[in-house]
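This report describes one protein model for a reader who has not seen it before. Please look over the sequence and the structure before reading on.

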Amino acid sequence: MKLKLIIILAVVLGYLMVVLACNKKQATPTAALSNHPTTAAPAPPDGTDPPHAVDTSGKAIPASSATQPDKPIILAKDIDDPKWGETKPDAAFDHVKHSTDPNYSADGKSAPACVECHHTDQPSSTVPYLKKFERKEVLTAKQLETSKDAVKSCRACHFSPTSEETDDYPPKSVTYPAAMNKPPSGKLTNDVAYHINCIGCHNDAKKRDAKLKAPVTCDDCHTKKG
Ligand code: HEC
Ligand code: HEC
Ligand code: HEC
Ligand code: HEC
């Protein structure tokens, strides 16, 4: 009698273990598939929840918009670093000055072109290492006003190092022409993309005029944690 019970128990337990094992086996390929961008919906834009940036009135910068930011922006709100936090209030990014004031260009001659930063917002470019273009005409203030075609946030493509990667994002490292004498960019996560863009121009501008207030060191821009 006892033996019969033990055998039944062993059979039931064995069955349960097989069922559990099968479920586990199935879970892995399904999960891998759902993460694959070609079979599932595209990954949501990075840095929107929580927002990666807010303007000085507290409004979050959306994943894309056809309205230019009119107030300075505190970037890196969602930074994941033990030492450095969001950008300092006095290092807020002033979009108005950076897109209209000639002093904010590397050579000081005319205001930086929109596409110096929004590099995908043009139909093509002679810059050899740029390959991805998403706009029918070159982005200018006027083009934006007439087309009403939204401009994407940098973070729609330049994912955080902590976000799950897709086949396309973050963009892979680019190689610069030998004449530029610059090492390859490295995987273009948000920190790499912004640092190359922001600090690159700030360094060039300071060569023109060392007195410019363009920040270049970590603590010029980021608050210090702890
Ligand atoms: C095309 C060149 C260029 C790019 C790109 C650029 N900057 Fe600047 N930035 C400047 C110059 C030049 C100044 C100094 C202006 C002065 O001293 O009058 C400056 C000044 C600043 C300042 C000082 C405060 C102020 O508004 O004057 C901050 C903060 C700043 N930049 C942040 C950024 C960030 C963040 C990025 C990247 C998203 C960026 N900049 C990209 C050229 C650039
Ligand atoms: C110096 C770099 C720089 C220049 C020049 C520049 N922008 Fe921007 N722009 C930015 C950054 C950085 C943001 C914030 C994007 C983010 O948070 O990812 C932004 C945001 C925007 C947004 C809002 C996007 C969103 O996600 O809500 C629009 C629209 C825009 N820019 C249009 C323009 C136009 C038009 C010009 C030229 C007149 C221009 N920008 C020039 C760097 C620049
Ligand atoms: C639609 C996707 C997309 C958006 C939006 C985007 N990028 Fe990029 N970025 C790329 C891709 C892809 C590359 C690799 C080069 C290529 O394929 O054109 C790249 C390359 C770069 C590079 C390396 C090349 C260089 O110029 O040194 C920098 C820096 C950069 N992006 C900064 C930015 C900044 C700053 C913004 C926002 C103002 C931005 N990107 C918005 C997709 C994007
Ligand atoms: C010109 C201002 C500027 C300087 C100088 C600067 N950063 Fe940044 N940093 C930024 C911006 C802008 C971002 C991206 C913000 C976003 O994605 O919203 C960023 C992003 C980052 C991130 C974010 C990665 C993540 O988890 O999202 C780290 C870490 C970081 N910076 C560290 C540094 C360190 C270390 C230095 C000095 C070697 C430095 N930064 C210098 C402006 C700056």
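## A first residue

Is alanine 141 buried or exposed? Alanine 141 is exposed, because 11 other C-beta atoms lie within 10 Å of its own. Alanine 141 belongs to helix α4.

## Basis of the model

This is a predicted model, in which local features need pLDDT of at least 70 and side-chain atom pairs count only at pLDDT 80 or more, while totals for chains, interfaces and linings use all residues. Residues are numbered from 1 along each chain as its sequence is written, and chains are lettered from A and ligands numbered from 1 in the order in which they are written.

## Overall composition

The protein has six helices and six strands. Helices (H or I, at least four residues) and strands (E, at least two) are DSSP runs, numbered from the N terminus. Read from the N terminus, the order of elements is α-β-β-β-β-α-α-α-β-α-α-β.

Of the 226 residues in the protein, 15% are buried. Two residues are in contact if their C-beta atoms, placed from the backbone, lie within 7 Å. Among contacts between residues at least 6 apart in sequence, 46% join residues at least 24 apart.

A residue is near a molecule if its C-beta atom, placed from the backbone, lies within 6 Å of it. There are 27 residues around ligand 2, and the nearest are Ser65, Ser99, Cys114, Cys117 and Ser153. At least two residues of this shell come from each of β2 (64–65), α2 (95–100), α3 (114–117) and α4.

By type, the shell around ligand 2 holds 15 nonpolar, 10 polar and two charged residues. Here Ala, Val, Leu, Ile, Met, Phe, Trp, Tyr, Cys and Pro count as nonpolar, Asp, Glu, Lys and Arg as charged, and the others, Gly among them, as polar.

## Surroundings of ligand 3

Ligand 3 is surrounded by 22 residues, of which Cys154, Cys157, Pro171, Ala193 and Ile196 are the closest. Helix α5 gives the largest share of this shell, four residues. The shell around ligand 3 divides into 12 nonpolar, six polar and four charged residues.

## Loops and backbone details

One runs from aspartate 49 to proline 50, with omega near 5°, and proline 50 sits in the loop between α1 (2–34) and β1 (54–55). The other joins tyrosine 169 and proline 170, with omega about -5°; proline 170 is in the loop between β5 (151–152) and α5 (190–208).

Which residues other than glycine have a positive phi? Lysine 148 has phi near 55°, and asparagine 181 has phi near 50°. Lysine 148 is in the loop between α4 (141–147) and β5 and counts as exposed because it has 9 C-beta neighbours inside 10 Å. Asparagine 181 lies in the loop between β5 and α5; with 7 C-beta neighbours inside 10 Å, asparagine 181 also counts as exposed.

Aspartate 90 is in the loop between β4 (84–87) and α2. Aspartate 90 has 10 C-beta neighbours inside 10 Å and therefore counts as exposed. The C-alpha atoms of aspartate 90 and histidine 222 are 9.9 Å apart, although 132 residues separate the two along the chain.

How values were computed
Buried ≥ 20, exposed ≤ 12 C-beta atoms within 10 Å, placed from the backbone.
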